Amino acid sequence: MALLSLDQVSVAYGLKPLLDNVSFHLEPGERVCLVGRNGAGKSTMLSVIAGAVLPDSGEVRREGGVRLAVLDQQLPAKAEISVFDYVAGGLTGIGEALAEHHHLVQQMAHDHGEALMKRLAQVQHQLDAGDGWRLEQIVNTTLSRLELPADKLMTELSGGWRRRVALARALVSEPQVLLLDEPTNHLDIETIAWLEDQLLAFNGALLFITHDRAFLKRLATRIVEIDRGNLTDWPGDYENYLVKKGEQLEVEAKHNALFDKVLAQEEVWIRKGIEARRTRNEGRVRALYKLRNERAERRNVQGKADFEIEEASRSGKRVAEFKQVSFSHGEKPIVREFSAHIQRGDKIGLIGPNGSGKTTLLRLILGDLEPQEGEIRRGTNLEVAYYDQLRAQLDMEKTVADNAAEGKDFVEIGGQKRHIISYLQDFLFSPERIRTPVKALSGGECNRLLLAKLFLKPSNVLVMDEPTNDLDVETLELLEELLGEYSGTLLLVSHDRAFLDNVVTSSFVFEGGGRVQEYVGGYSDWLRQRKAPIAPKAEPAKSGEAAKPAAAAQPKRPAKLSYKDQRELDQLPALIERLETELGELQEQCNGPSFYQQPPAQTQPILNQLAAKQVELETAYGRWEALEAMQNGMG
């Protein structure tokens, strides 16, 4: 039985409907991806399913009060609220009591006042009545599984960590259906891979929107497309969808051509006038009117974007040569002893977690920064065009046309003059939209405008910082093709794994601690070439449990220790003291206010080291107890 369904649902904003009498169902265990052009109505459909938007007509059914949870496209705000409180807030009705109980228990550690005890008893009674203890366990288990710091404030967390918190809030309600709107936006590759693993382990049904093709391919069991107000169901994987969609568009084009031919013949007949009135074929006249109405209501496939880059004269063969270059921000190394040679025509991807230093390396390559150590030799005749993910190059108050052409009516591209309206239509802007202020554009439209502005500038070095955000799949594929044909040098920062694989010829990968390593090929090539990751050490709890029985299971020895055992026993106190000191330093580092503001790639190794030290300390204590027992004749 379907968990939820839409039956003949319509939603319109303006004259053309986004959803036009559509029907849809979601079965248990399915992972369905909604695809379609920017503005096709994908987010609207999710909002209708979630109950945030009411349809103009039709019915939305949620079987048996199915539980829904939503992971919004926007990250949670950096509010003065703890992670525990925010996650518990996902439990309607009992969440506030859970959060208060959590804080009261913490206060009890240093305050045993009567008023505090009384309030704690009241909250505990409230939890008893509302299944609160089971729900508290779910919150704590979820926080532990997602490795979240319960008592950190949201203001202290980076974007990647806040995405984890948002997922935890969605999961604690134990939803049967999870709705996700562009969950990978602005996440780095490592966090995207982590999110994929979490969602693959989710037992409920998923309905999600994404333009990340690698994410789509790994998760989706079915694809549903929104196109001109209609839904089309495509069972199977993404590759099957591409083949079947192409076949459908070909059939549709042939049908429309035949329809237009019949309509043209009928228009010729009606214009004969006298013959039409003499024959009094009223049925044929009515049929013509019906054809006209059908043609007027036909919503044509939106044309594909058509890009072209204005290329400058060739640069010198050398673009930049790095020799043992180092650069740090304060005490944090960004690039350390990095050597590389960038030549004309190279297409280089920069891969690494958010905050690792990719933009800093770009600035070093371009000469905006100079190295603190080492040498950079830059080439000659470099004409650079820069795509800025922050859209700082756009004036939000000016129109699309004025931003692209800087007030001119004509632009030059490929050696030809073109009117700015004609040029921008290649980027899928209608004449009305071209006269619209930029502040009214969607994210995808802003990115297309940035591309239009960028490609007008003659260049032989193209620098693109996250160009794929908010672009639909068709535009991404066209951009890939264009960059593949670009004869200049490309420097690309992207977290889109498929985009990197399809565009770049080599990758600079940030591997932590300022170490930047060059690999041939894109993201998948890097995965094949990199050294095998070190196997994680055993979980602390399990290792600790194993360590104690192991120590207890030592064979019995005589009361007098051997020289080796006695020497080990003599050295253990110093070892334990050192381990306790190191463990304290690591814990202090993890408790620092800025620790969880860092991306997981920087925090996870420290957390792993902390866990390893705890295991090592437990093992040392176990060994000390075992040796002392043997020495005292108790072994």
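This is a predicted model: local features need pLDDT of at least 70, side-chain atom pairs count only at pLDDT 80 or more; totals for chains, interfaces and linings use all residues.
**Salt bridges, whole structure.** I searched the whole structure for salt bridges and found 26.

**E196 and R218.** I checked this pair for its closest contact. E196 forms a salt bridge with R218, with 2.8 Å between the closest N and O atoms. I then looked up where the two residues sit. E196 belongs to helix α7, residues 189–200, and R218 to helix α8, residues 213–219, so the pair ties together parts 22 residues apart in sequence. Next I noted accessibility. E196 has 2% relative accessibility and counts as buried. R218, at 39%, is partly exposed.

**E321 and R318.** Here I found the closest N and O atoms 3.9 Å apart, and the pair forms a salt bridge. E321 is buried, at 17% relative accessible area. That value falls under the 20% limit for buried. R318 is partly exposed, at 27% relative accessibility.

**K439 and E397.** I looked at these side chains and found that they meet in a salt bridge, 3.2 Å from N to O. K439 lies in the loop between α15 (431–434) and α16 (443–455), and E397 lies in the loop between β14 (384–387) and α13 (400–405), so the pair ties together parts that are 42 residues apart in sequence. I noted both K439 and E397 as exposed.

**Network.** Last, I followed shared partners. Which residues do such salt bridges join into one network? I listed E196, D197, D212, R218 and R497.

Technical notes:
Residues are numbered from 1 along each chain as its sequence is written. Side-chain values use heavy atoms; hydrogens and water are left out. A salt bridge is a side-chain nitrogen of Lys or Arg within 4 Å of a carboxyl oxygen of Asp or Glu. Helices (H or I, at least four residues) and strands (E, at least two) are DSSP runs, numbered from the N terminus. Buried means under 20% relative accessible area, exposed over 50%, partly exposed in between (1.4 Å probe, protein chains only).
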